[in-house]
Protein chains: 2
Amino acid sequence: MPGTHDPQFDPDRDPHFDSALDLVLERVIDVPREAVWKAWTRPELLERWFCPAPWRVVDCEIDLRPGGVFRTEMRGPDGETSGGAGCWLEVVPNEKLVWTDALLPGFRPAPEPFFSAEIRLEAVGTRTRYTAIARHATSEARKRHEEMGFHEGWGRALDQLVALAPELDRA
Amino acid sequence: MPGTHDPQFDPDRDPHFDSALDLVLERVIDVPREAVWKAWTRPELLERWFCPAPWRVVDCEIDLRPGGVFRTEMRGPDGETSGGAGCWLEVVPNEKLVWTDALLPGFRPAPEPFFSAEIRLEAVGTRTRYTAIARHATSEARKRHEEMGFHEGWGRALDQLVALAPELDRA
């Protein structure tokens, strides 16, 4: 299945990794990591790939600093809506992005926390080893996220990012 | 009552302040802010003031960087225990400390989130305007924290920090 995690992922590189609580998607993609970074951090670009079709991001707000807002609003083919606000936790240009929905902008605890996400970008020649880790509080939350289609959904979104690559170089 | 919040606190300085969700303790203390910073960030010093007597901190772990552990273990006069682990979110030496119990070390959502805290230190001559803000997800959580004795407890802890000041200069 495209988008499932890669056996090369090495939990030993991550002291906080917990296979009972985390989900991982890892792929090497033919996109330079600077372009991946742009796709993740500019709202007008993120809107074009972040949500697997036929759903789409109809609004996005990014204040790229710890505690700054990361908000997306998504709409389904029949007008259903989804999304919400969280905040960024760690921002290392072209290398690492961490955000969570467990804290709102300004670091206030959120009423309905679900997961924190870490995106790592490692250069592999001109390509990028892309690792997305979703961390949960409980194994139940991990399972729910898996059953919501984490691997397929995040994989298809990543396919959309890859398809956008020719434009990202010029963006 | 010592330790209640100071009417000089200006919510307009904080775009995320919400009086329905936040608790504030603000005082000007006769301790230089560099000394306050030491008291907050060195486990062997924090253990001496952080918990109002007769409770005391019996163990403390601090990895002072975003995502790093902040763990305290407290013991009451009859051997009761309390405490837990959270992580730091923002670390600006001598100026600002933010941590939360809503995320564990490595930014994993915590099973039982309660609040995020922000400590601000502003120099007032050789003294320090000390502002502690506790942010909650809901007004119920704010109320519960208030009824647990937020103002009195954090105020008495701060008194203990002030009493430690002569030693902090040399620490």
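I began with a pair of facing residues: Cys60(A) has Thr72(A) in β3(A) as its bridge partner. The model is a predicted one, and I read each entry below with that in mind.

Entry 1. Strand β2 (residues 56-62) of chain A and strand β3 (residues 69-75) of chain A run antiparallel and are joined by six bridges. They form a hairpin with six residues between them. In its turn I noted Gly67(A), with a positive phi of about 90°. I then moved on to β4(A), which pairs with β3(A) in the antiparallel sense over seven bridges. Here the bridge partner of Met74(A) is Ser82(A) in β4(A). β3(A) and β4(A) also make a hairpin, with five residues between them. Its turn holds Gly79(A), whose phi is positive at about 90°.

**Entry 2. β5(A) and its two partners.** Strand β4 (residues 81-92) of chain A is joined to β5(A) by five bridges, and the two run antiparallel. I found Cys87(A) bridged to Thr100(A) in β5(A). β4(A) and β5(A) form a hairpin with three residues between them, and Asn94(A) in the turn has a positive phi of about 65°. β5(A) is also joined to strand β6 (residues 115-124) of chain A by five bridges, again antiparallel. On that side Trp99(A) stands opposite Ala117(A) in β6(A). I checked how well strand β5 (residues 96-100) of chain A is covered: four of its five residues are buried.

**Entry 3. The cores.** Which residues touch the most other members of the largest nonpolar core? I found Trp40(A), Trp49(A) and Tyr130(A), in a core of 39 residues. Helix α4 (residues 150-168) of chain A gives the largest share of this core, eight residues. I listed the contacts of Tyr130(A), leaving aside neighbours within four places in sequence. Among them are Trp40(A) and Trp49(A), along with Leu25(A), Ile29(A), Val36(A), Ile119(A), Leu121(A) and Leu158(A). The list also includes Glu26(A), Arg27(A) and Arg120(A). There is a second, separate core of 38 residues, and it includes Leu45(B), Trp49(B), Ile119(B) and Leu158(B).

**Entry 4. Helix α4 of chain B.** I compared the span of this helix with what its residue count predicts. At 1.5 Å a residue, the 21 residues of helix α4 (residues 150-170) of chain B should span 30 Å, and the end C-alpha atoms are 30 Å apart, so the two agree. I also recorded a bend of about 55° at Leu164(B) in α4(B), with a proline, Pro166(B), following within four residues. Leu164(B) is one of the buried residues of α4(B), which also include Phe150(B), His151(B), Leu158(B), Leu161(B) and Leu168(B). What covers the buried residues of this helix includes β1 (22-29), α1 (33-41), α2 (43-46), β7 (127-136) and α3 (139-147) of chain B.

**Entry 5. Helix α1 of chain B.** Is α1(B) largely enclosed or left open by the rest of the structure? Seven of its nine residues are buried, so I put α1(B) down as largely enclosed. The buried residues of α1(B) are Ala35(B), Val36(B), Trp37(B), Lys38(B), Ala39(B), Trp40(B) and Thr41(B).

**Entry 6. Backbone geometry.** Most residues other than glycine have a negative phi, and most peptide bonds are trans. I noted the following exceptions.

- The bond from Ala53(A) to Pro54(A) is cis, with omega near 10°; Pro54(A) is in the loop between α2 (43-46) and β2 of chain A.
- Ala53(B) and Pro54(B) are joined by a cis peptide bond, with omega about 10°; Pro54(B) lies in the loop between α2 and β2 (56-62) of chain B.
- Asn94(B) is not a glycine, yet has a positive phi of about 65°. Asn94(B) sits in the loop between β4 (81-92) and β5 (96-100) of chain B, and its relative accessibility of 23% makes it partly exposed.
- Phe107(B) has a positive phi near 70° and is likewise a residue other than glycine. Phe107(B) is in the loop between β5 and β6 (115-124) of chain B, and at 4% relative accessibility it counts as buried.

**Entry 7. The two chains.** Last, I looked up how the copies are related. A rotation of 180° with 0.0 Å of shift along its axis superposes chain A on chain B, with an RMSD of 0.0 Å. That is the relation of a two-fold axis. The same surface serves both copies, since 100% of the contact residues of chain A recur in chain B.

Technical notes. Residues are numbered from 1 along each chain as its sequence is written. Chains are lettered from A and ligands numbered from 1 in the order in which they are written. This is a predicted model: local features need pLDDT of at least 70, side-chain atom pairs count only at pLDDT 80 or more; totals for chains, interfaces and linings use all residues. Side-chain values use heavy atoms; hydrogens and water are left out. The expected span of a helix is 1.5 Å times one less than its number of residues. The bend at a residue is the angle between axes fitted to the seven residues ending there and the seven starting there. Buried means under 20% relative accessible area, exposed over 50%, partly exposed in between (1.4 Å probe, protein chains only). Contact means heavy atoms within 4.5 Å. A nonpolar core is a set of buried Ala, Val, Leu, Ile, Met, Phe, Trp, Tyr and Cys residues joined through side-chain atoms within 4.5 Å. Two strands pair if DSSP finds at least two bridges between them. Copies are superposed by least squares on the C-alpha atoms of residues with pLDDT of at least 70 in both.
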